[in-house]
Amino acid sequence: PLVEAMELERNHITTQNSPTADIVAHYINGEEFDTFYGVSRYWGGFLVYTKPLLLLTTYQNIRIINGVFQTLAFAAVIFLLVKQGFKRYIAPYCLAVAFLMPVTLAMSLQYSPCYYIMTFGCIALLLMRRRSLRRVSLLFLFIGIATVYFDFLTYPIATVGVPLALYFAISERKGFLSDCAYLVLPGACWGVGYGGMWLGKWITVSIVTKSNAFVTVLRKIRERTDNDPAEFAGNFVEDPSFTAIKRNIK
């Protein structure tokens, strides 16, 4: 079980090229799974609650439950903003959430973890009696850790950007250098938690499975930065062209 938890394998049909195609081929067309496909570079923490929920109810009901809890979490932030006298930040927060497409978030289990982490981070900030830089930085460290554990690489920047903007807005101004510290130190702690948790998985899976996870990671970095399909099946090579990044910047 430990090895399987580290490898995060799913059933796969070699003639298909995506998880969706696998599902259609197997459950609709009756083709048999013939191999496994692993994503060991991720923690896969979303499975901790997804699998028990699928044992108890249907996917459709999980979406309804998800929408209810997301609405309650959103309402909690609004309530705390009103209660603590930060009404002027309600409109910007609502606008930020609106751009995340709340209906889509409720329907998609993959997009939900970052929303919850972002929202719970804001709630934690507003509930803090003393928002010292040290305590807030520790909070952002754990937000970064939780992001890597639960998220399947969707929009992790929101888990640091929105709580950080809120912290900057509700903190007392003490001068330019102090204000910069409000952003730099918590943001850096988030980065340490995020990067450290990634590295921890790669080291752990290498030890448990007696393999080199870093080879796979480097290959995937090449695939995600260079969108040439011809390179996807090959090994990691030197001098990547970073085509995908260049096109996004353009």
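In helix 9, the buried residues are Ala 158, Thr 159, Val 160, Pro 163, Leu 164, Leu 166, Tyr 167 and Ile 170; buried means under 20% relative accessible area with a 1.4 Å probe, protein chains only. This is a predicted model, where local features need pLDDT of at least 70, side-chain atom pairs count only at pLDDT 80 or more, and totals for chains, interfaces and linings use all residues. Numbering runs from 1 along each chain as its sequence is written, and side-chain values use heavy atoms, leaving out hydrogens and water.

**Helix 9**
- Helix 9 covers residues 157-170 and spans 20 Å from first C-alpha to last, close to the 20 Å expected (1.5 Å times one less than its number of residues).
- Cover for its buried residues includes helix 4 (59-83), helix 7 (112-127), helix 8 (133-150) and helix 10 (176-209).

**Asn 66**
- Asn 66 sits in helix 4 and is buried, at 7% relative accessible area.
- Its side chain makes a polar contact with the side chain of Ser 112 at 2.7 Å (a pair of N or O atoms within 3.5 Å; within protein, one must be able to donate a hydrogen and the other to accept it, and residues adjacent in sequence count only if both atoms are side-chain atoms).
- Beyond neighbours within four places in sequence, Asn 66 is in contact with Leu 105, Ala 106, Ser 108, Leu 109, Ser 112 and Tyr 116 (heavy atoms within 4.5 Å).

**Whole chain**
- There are 13 helices and two strands, as DSSP runs numbered from the N terminus (helices H or I, at least four residues; strands E, at least two).
- Buried residues make up 35% of the 250.

Note on methods:
Buried means under 20% relative accessible area, exposed over 50%, partly exposed in between (1.4 Å probe, protein chains only).
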